[in-house]
Amino acid sequence: MLGPARNAEAGGQVAIGVTETIASYNPYADSISMGYAIWCQVYGCIGVYDHNKGDYVGMLAERWEVDKADNNIWTFHLKRGVKRQNDGKEFTAEDLVHSINRINNDPQSKQKQNVSPIKDVIALDNYTVKIVTKQPTASLLEFIFDRVIISAKDLYDKHGARDADRKYPWGWGPYKLKDLVIGQRIVLEKDTSHPNVRPENPDTLIYTIMREPEQRVTALLNNEIQIAQFIPPHLAERVKAASNVELQPASSVEIMFLAMSPKFKPWDNVKLRQAVCYAIDRDLIVKNVLKSQADRLDGPIGPGQYGYDPEYTKKNLIIAYDPAKARELVKASGYNNEPVFLDTPVGRYINDKEVTEAMVPMLNAVGINAKLRTPEWATLWSDVQRGRTPFYYMGRGSVVDPSVALSQYFETGGSPRIGISDPQIDKALAAERVTFDPVERKKALNVAFKAIEDAAPGCFMWRHHMLYGESKGIAHKPNPAGRIFGTEITVK
Amino acid sequence: MLRYLLGRIIATIPVVVLISLLVFLLIHAAPGDPADLLLSEEASPADIADARRRWGLDQPIYIQYLHFLTNIAAGDLGMSFRYADPVIGLIGQRLPATIELAIASLLIAIIIGVPLGVWAGAKPNSWADNLGSVFGFFGISMPSFWLGIMLILIISGYFNWLPSSGRSTYGVAQGLETGFYISHSLLSGNIKVAWDGIKYIIMPAIALGTGMMGLVMRVTRSSVLEIMSEDYVRTARAKGLDESTVLWRHVLRNALVPVITVVGLELGTLLSGSIIVETVFAWPGSGSLLISAIQSRDYPLITGTVLTYTIAFVAINFVIDILYALIDPRIRFGK
């Protein structure tokens, strides 16, 4: 009589236990990773970052280029003949222009930051769009590629925002929105006529909200769901031990770091900041606290992220654990043993409290009188945003091209979060932004990495492995940015 | 009676206004800013300032509160920052799930707690009393979140008998996910859909109702013990009534007054307890809505949900007062 609800019966349906969800029918009213992935599949987006190729690939854009004479002008050539779900209307440039304008003007939009570098957007013809930036921005694709969701102008004009979003969520993506019960589930159905879908992709995708890890693991083992997002290390063994599922790790593009704000004493002293970086035995923490489910970061980014150069990193960016050197730097800094408080979120990142608990004695051992504080996330994040936290452990997600993230944390005026002002860092970051040749830009980025490491406003720690529990009935390689696309899932 | 009821209704208005002010002030005094939490981490200070302006957070707090009160007077609880939808509609979508869960928990508490309490009270210090007391103390001392996780691990994880979380199976719910799923299905004779809902509600209802069951059992036991020594019970026995008639007709009816008081008070606790249980079981009710609102400092949604809970609590107490009169005709109001 009794029995669990099985969402997966035949091969065509895949249920995914997710930790966050969209909160609105309006594709611009959320700014979360999962939301971008869902709406990109439904409406379509300009393109996505292919982590296997290490480059951007177009989805609704065919190709793009920057004007060599005026680096502020980008031209996007759109795909022709892309038909909309439900009514077959062709995708045109006016839809892209409308979407960028709506992101800027919709009172419910939480995505303005994605189009902040854009000064103007013009449809040159049905298939060509000119985007003019406020200043040369080599990392423009990072801002807009899979974050400008392309919704239909004609439906918006005809029905208004509310009805267009709720009653006519028709787009040019590979999946249609079948059902959305906010707070419970999102159901997508494959558009079999879409050129990007294959017969072996799931016919139906069900994103079910399961915030608690125990729920996700139990539901996975019971075959209620076929993919469970973010398995914490302590539950990994339970998944590994089961015969019907497997553990799939993906190195996240979220970079974890310790931040030290020079606006506050004693962190105005560069030697003390450098000492912190030498004092933390990251390998030991990765092995014992993170159960080897993380990759040590040498420099701000790691393999697969834009600008990573293994040779340059090996030569210039490795900061090895060296407590003796840390002690020397502490001594040279003139630090007077005043207490410093390391603030960490609890439960926001994998084992965040535990890793910082491990850091404190390491800091104490080199002569830094560190103590741990664990404020509630909302309090900590607001304080960080306003530059009120001197010393904290934090992650920065969605770092594919690191330009934006590094500018935000380490460039003068980027944000108050650390509040450093260092001419070398500013110069290096400004240089990479105006370097459009990919090879030269990667070199420029590495110069910026070095400048940041030398000034040490932050110590780069690791990138977590995002662990996904997956049914053996499907094949899916988790995406490092945490997006789950139906076109990347194969039902066996 | 009518005068008394009207008086009670009018008296709730200042209570609600005062609570709205308290909640409003408390949530605004709490550290953390909605714009920081709801915009992505890429947001610049200018983006954050823009969001604050759009949401009216750049206004002085008394202006914000006056605005809020004006809206309430017009039946509008404002727009949720996070969900970009009217608060009243969001609560309306989630409340049926919470009410259904509370009713199921209440049924579990009463159906198990009252007979256990009567059984234990009728035979003090017997094995029945001891067994009933074990159940009672188990229920009272068990934290609902822990019991919930244990149920998930054992009932779903080990035995695979029930779904681990959620409220309905996709494809079965037929658009009833945001309504009274089980009751509507039962009333419309759709047993398959109702059974789907029942499978999902069993574990959260046990987790939420067990504490109340323990309390109901203990209060019923004490009350039965007390009534058993009353003169009229002795008289009933002297008249030759059999023990079960004495117990169920004469003792229980009188013993129920304190039980109803406890149930009334505990109904409010069920609503607040549901906040935790809904999170553990991913139950899409107003409790989990409130948690997400607090985490993102969604001021209109927090205030709206707490006000709804307040009104529900006042209404429950109101109903309990009326029930007193029905159960015990000696009780009269307004005199």
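Student: In the hairpin of β2(A) and β3(A), which residue takes a positive phi?

Tutor: This is a predicted model, in which local features need pLDDT of at least 70, side-chain atom pairs count only at pLDDT 80 or more, and totals for chains, interfaces and linings use all residues. Residues are numbered from 1 along each chain as its sequence is written, while chains are lettered from A and ligands numbered from 1 in the order in which they are written. Helices (DSSP runs of H or I, at least four residues) and strands (runs of E, at least two) are numbered from the N terminus. Between the two strands of this hairpin there are 4 residues, and the residue with a positive phi, near 70 degrees, is Gly54(A).

Student: Which residue of β3(A) is the bridge partner of Val48(A)?

Tutor: Two strands are said to pair if DSSP finds at least two bridges between them. Strands β2 (residues 47-50) and β3 (residues 55-58) of chain A pair in the antiparallel sense over 4 bridges. In β3(A), the partner of Val48(A) is Val57(A).

Student: Which strands stand at the edges of the open sheet of 4 strands in chain A?

Tutor: The order of this sheet is β4-β5-β7-β6, with antiparallel pairing. Each edge strand has a single partner strand, so one side of it is left without a neighbour in the sheet. The strands in this position are β4 (61-66) and β6 (118-125) of chain A.

Student: By how many degrees are neighbouring strands of this sheet turned against each other on average?

Tutor: Axes are lines fitted to C-alpha atoms, for helices over the stretch in contact, and angles run from 0 to 180 degrees between N-to-C directions. For the strands of this sheet direction is ignored, and the average turn is 20 degrees.

Student: What angle does the direction of helix α2(A) make with that of β6(A)?

Tutor: Strand β6(A) is joined by 6 bridges to the antiparallel strand β7 (residues 128-133) of chain A, where Ile118(A) stands opposite Thr133(A). Helix α2 (residues 93-105) of chain A packs on the sheet and touches β5 (73-78), β6 and β7 of chain A. Such a contact requires C-beta atoms, placed from the backbone, within 7 Å. The angle with β6(A) is about 165 degrees.

Student: How many of the 9 residues of helix α12(A) are buried?

Tutor: A residue is buried if 20 or more other C-beta atoms, placed from the backbone, lie within 10 Å of its own, exposed if 12 or fewer do, and partly exposed in between. The buried residues of α12(A) include Trp381(A) and Val384(A), and their cover includes β15 (340-343) and β17 (391-396) of chain A together with α2, α3 and α12 of chain B. Helix α12 (residues 377-385) of chain A is therefore largely enclosed by the rest of the structure, its count of buried residues being 7.

Student: Which residues of chain A does Pro31(B) touch?

Tutor: Pro31(B) lies in the loop between α1 (2-29) and α2 of chain B. Because 14 C-beta neighbours lie inside 10 Å, Pro31(B) counts as partly exposed. In chain A, Pro31(B) touches Ala378(A), Thr379(A) and Ser382(A).

Student: How many charged residues are on the side of chain B that touches chain A?

Tutor: In total, 49 residues of chain B are in contact with 45 residues of chain A. Among the elements that each supply at least two residues of this side of chain B are α2 (34-38) and α9 (191-228). The classes are nonpolar (Ala, Val, Leu, Ile, Met, Phe, Trp, Tyr, Cys and Pro), charged (Asp, Glu, Lys and Arg) and polar (the others, Gly among them). This side has 20 nonpolar and 14 polar residues, and the charged residues number 15.

Student: At what angle do the axes of α11(B) and α12(B) cross?

Tutor: Chain B has 13 helices and 0 strands. In the contact of these two helices, residues including Ser274(B) and Ile275(B) in α11(B) meet residues including Gly287(B) and Leu290(B) in α12(B). The axes come within 7 Å and cross at roughly 85 degrees. As 65 to 115 degrees counts as roughly perpendicular (under 35 is roughly parallel, over 145 roughly antiparallel, the rest oblique), α11(B) is roughly perpendicular to α12(B), the crossing angle being roughly 85 degrees.

How values were computed
Lists of a residue's contacts leave out its neighbours within four places in sequence.
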